[in-house]
Amino acid sequence: MGGFKNADGKPVLLRMVKEIQDNKAYLGEVDGLIGDGDHGMNMNKGFTVFETRFKDEDISFTDGLDELGMILLNEIGGSMGPIYGTIFMDMAEAGAELEEISLEDFGGMLAAGLDGLCGIVEAKVGDKTLVDTLSPAAKAVGDGAKAGEDFAGTLDKMKEAARAGRDSTKDMTAKYGRSSRLGECSRGVLDAGATSCCIILEAMADGIKEILNG
């Protein structure tokens, strides 16, 4: 199955940054349909702060996730700061001692991030939140690891699961956040958190694949 060195993971983090920056306006548009429209701006702010501070520093994948998580938790507005901060910091803690990150390790990190998220929010799959993206993505990686599948191939399955999870939120009614007040009127629109989570997971997968293929 192979793996990648934790110390070599900085390019993965920078790819995540770039994808959030490139999708700032899109995330704002998605959020603006049933929310307050600031999701893209807030996410871009946090990820760009990380880039500014660490673009010239040597930093491992897990240390970078921890730093990014702390920035999002402490320095951006909106509800997503604490949510993504928790996910990234719990992922980082799960992999902090690893020199090499295997598919099984990566699956454990995603599961830890999901567990951390579920510890601070009550949302579950079907509630039109980023849980609808993260949960199936984490399951895809965990299932791939258990089956002894190829790391890169499993990352492709993770991306498919994340996209399907994101798209599933379009037919749901919101249960949490400002959009929950809209009831049935929230149906027909993607959830902004599920959308940004998909962007991040796809960037993470593509960045790791590039290292694996290098």
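This is a predicted model: local features need pLDDT of at least 70, side-chain atom pairs count only at pLDDT 80 or more; totals for chains, interfaces and linings use all residues.
View 1. Residues are numbered from 1 along each chain as its sequence is written, and side-chain values use heavy atoms, with hydrogens and water left out. Helices (H or I, at least four residues) and strands (E, at least two) are DSSP runs, numbered from the N terminus. Contact means heavy atoms within 4.5 Å, and, leaving aside neighbours within four places in sequence, Gln 21 is in contact with Asn 44, Thr 48 and Glu 51. Gln 21 and Met 41 are 20 residues apart in sequence, and their C-alpha atoms are 9.0 Å apart in space.

**View 2. Helix α3 covers residues 39–54.** The 16 residues of α3 should span 22 Å at 1.5 Å a residue, and this agrees with the 23 Å between its end C-alpha atoms; the expected span is 1.5 Å times one less than the number of residues. Among the buried residues of α3 are His 39, Asn 42, Phe 47, Phe 50 and Phe 54. Not counting residues up to four places away in sequence, Phe 47 touches Met 16, Val 17, Ile 20, Leu 68, Leu 72, Phe 88 and Ile 200.

**View 3. Gly 64 is found in helix α4.** Gly 64 is buried, with a relative accessible area of 0%. Its contacts, apart from neighbours within four places in sequence, are Leu 13, Phe 50 and Ile 59. Gly 64 and Phe 50 are 14 residues apart along the chain, and their C-alpha atoms are separated by 8.6 Å.

**View 4. The largest nonpolar core has 53 residues.** A nonpolar core is a set of buried Ala, Val, Leu, Ile, Met, Phe, Trp, Tyr and Cys residues joined through side-chain atoms within 4.5 Å. The residues with the most contacts inside this core include Met 16, Phe 47, Tyr 84, Phe 88 and Met 204. Helix α9 gives the most to the core, with nine residues.

**View 5. The largest cavity holds about 60 Å³ of space.** On a 1 Å grid over the protein atoms alone, a cavity is a set of points where a 1.4 Å probe fits but cannot get out, and lining residues have an atom within 4 Å of a point. Grid points are joined across faces, edges and corners, and a volume is the space filled by probe spheres set on the points. The count comes to one cavity of 30 Å³ or more. Among the residues that line the largest cavity are Tyr 84, Phe 88, Leu 110, Cys 197 and Met 204, and the elements that give two or more residues to this lining are α5 (80–95) and α9 (192–213).

**View 6. Lys 128 lies in the loop between α6 and α7.** Lys 128 is buried, with a relative accessible area of 1%. Its phi is near 65°, a positive value in a residue other than glycine.

Key: On a 1 Å grid over the protein atoms alone, a cavity is a set of points where a 1.4 Å probe fits but cannot get out, and a pocket is an open set with protein on both sides within 12 Å along at least five of seven lines; lining residues have an atom within 4 Å of a point. Buried means under 20% relative accessible area, exposed over 50%, partly exposed in between (1.4 Å probe, protein chains only).
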